[in-house]
Amino acid sequence: EVTQAQWEAIMNSQPWEESDQKFWGDRKPVINVSWNDAVEFCQKLSTKTGKTFKLPSEAQWEYACRAVTSHQLPVTKYYFGDDESQLGDYAWYDQNSDNQTHPVGEKTPNNFGLYDMMGNVLEWCEDYYHENYNDALNNSNSLLNNPSEYRVLRGGSWFSYSVSCRSANRAGSDGRLYVIGFRVFSPFRGS
């Protein structure tokens, strides 16, 4: 997840200051950012580094969350399995968050070494929200046709019930909230 320090270094602003101070901290995820804000961050980061960064497609996000490379493995509720009692080891959610975000990277990462794929903050994806995303399941393309104004959010947040932290859980929004942040994706370029 993009941290407040990373956001400030690229954007020179502090959108989280509109929230309670318990949400502030350099290592805490940026919050109160719209989908457009997240896209602008990716563009500025790309310009600054000379590399391409963007929001992940919904399919890319789920692939990164599940961290499973074989289609023969069973699909589970969470990237660590189906045992909900273990969720606190991997995610900040309503049962352990103390009603606030936490510094990124404090919980157990998934098999790809990615932290906070579940809980802490919901994460923007590139796609527009659709009832389902069956057309995107077999590739990394985003669903960019616009059936609604909402964009996809994945991952659950510090405020979410355990069921909302499932790897397949999805939501849509068109606003800024103190439960919404994002992570960036850099498309692989083979040689």
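**Figure 1. Lining of the second largest pocket in the predicted model.** In this predicted model, the largest share of the lining of the second largest pocket comes from α3, which gives three residues. The elements that give two or more residues to this lining are α1 (4–11), α2 (35–49) and α3 (58–66). The pocket is lined by 17 residues in total. Of these, Glu1, Leu114, Arg183, Val184 and Phe185 lie nearest the centre of the pocket. By residue class, the lining divides into eleven nonpolar, four polar and two charged residues. The space in the second largest pocket amounts to about 340 Å³.

**Figure 2. Overall arrangement of the chain.** The secondary structure comes to four helices and four strands. Along the sequence, these elements follow the pattern α-α-α-α-β-β-β-β. The chain has 191 residues, and buried residues make up 49% of them. Among contacts with a separation of 6 or more, 67% are accounted for by residues 24 or more positions apart.

**Figure 3. The largest nonpolar core.** Nonpolar side chains tend to be buried together in soluble globular proteins. The largest nonpolar core of this model has 24 residues. Those with the most contacts inside this core are Trp7, Val30, Phe41, Leu55, Trp124 and Phe182. Two or more residues are given to the core by each of α1, α2 and β1. Helix α2 gives the most, with five residues.

Figure 4. Val30 is one of the residues with the most contacts inside the largest nonpolar core. When neighbours within four places in sequence are left aside, Val30 is in contact with Val2, Thr3, Gln4, Trp7, Pro15, Trp16, Ile180, Gly181 and Phe182. A second, separate core has 15 residues, including Phe80, Leu87, Tyr93 and Met117.

**Figure 5. Salt bridge between Asp37 and Arg176.** Side chains of opposite charge can pair when their charged atoms come close. The count for this model comes to eight salt bridges. In one of them, Asp37 pairs with Arg176, and the closest N and O atoms are 2.7 Å apart. Asp37 lies in helix α2 and Arg176 in the loop between β3 (170–173) and β4 (180–181), so the pair ties together parts that are 139 residues apart in sequence. Asp37 counts as buried because its relative accessibility is 14%, under the 20% cut-off. Arg176, with a relative accessible area of 48%, is partly exposed.

Figure 6. The side chains of Glu40 and Lys44 meet in a salt bridge with an N to O distance of 3.4 Å. Both residues lie in helix α2, where Glu40 and Lys44 are four residues apart, about one turn of the helix. Glu40 is partly exposed, with a relative accessible area of 32%. Lys44 also counts as partly exposed, at 35% relative accessibility.

Figure 7. Glu58 forms a salt bridge with Arg170, in which the closest N and O atoms are 2.5 Å apart. Glu58 belongs to helix α3 and Arg170 to strand β3, and the pair links distant parts of the chain, 112 residues apart. Both Glu58 and Arg170 are buried. A network of salt bridges links Glu58, Glu62, Arg66, Arg154 and Arg170.

**Figure 8. Positive phi angles at Asp98 and Asn120.** Asp98 has a positive phi, near 60°, in a residue other than glycine. Asn120 likewise is not a glycine, and has a positive phi of about 70°. Asp98 lies in the loop between α4 (87–90) and β1 (122–128), and Asn120 lies in the loop between α4 and β1 as well. Asp98 counts as exposed because its relative accessibility is 59%, over the 50% cut-off. Asn120, by contrast, is buried, with a relative accessible area of 0%.

Terms used. Residues numbered from 1 in each chain as written. Predicted model: local features only at pLDDT ≥ 70, side-chain atom pairs only at ≥ 80, totals over all residues. Heavy atoms only, no water. 1 Å grid on protein atoms, 1.4 Å probe; cavity = no way out; pocket = protein on both sides within 12 Å on 5 of 7 lines; lining within 4 Å. Points joined across faces, edges and corners; volume = space filled by probe spheres on them. Nonpolar A, V, L, I, M, F, W, Y, C, P; charged D, E, K, R; others polar. Buried < 20%, exposed > 50% of the residue type's maximum accessible area, 1.4 Å probe, protein only. Core = buried A, V, L, I, M, F, W, Y, C linked by side-chain atoms within 4.5 Å. Contact = heavy atoms within 4.5 Å. Salt bridge = Lys/Arg side-chain N within 4 Å of Asp/Glu carboxyl O.
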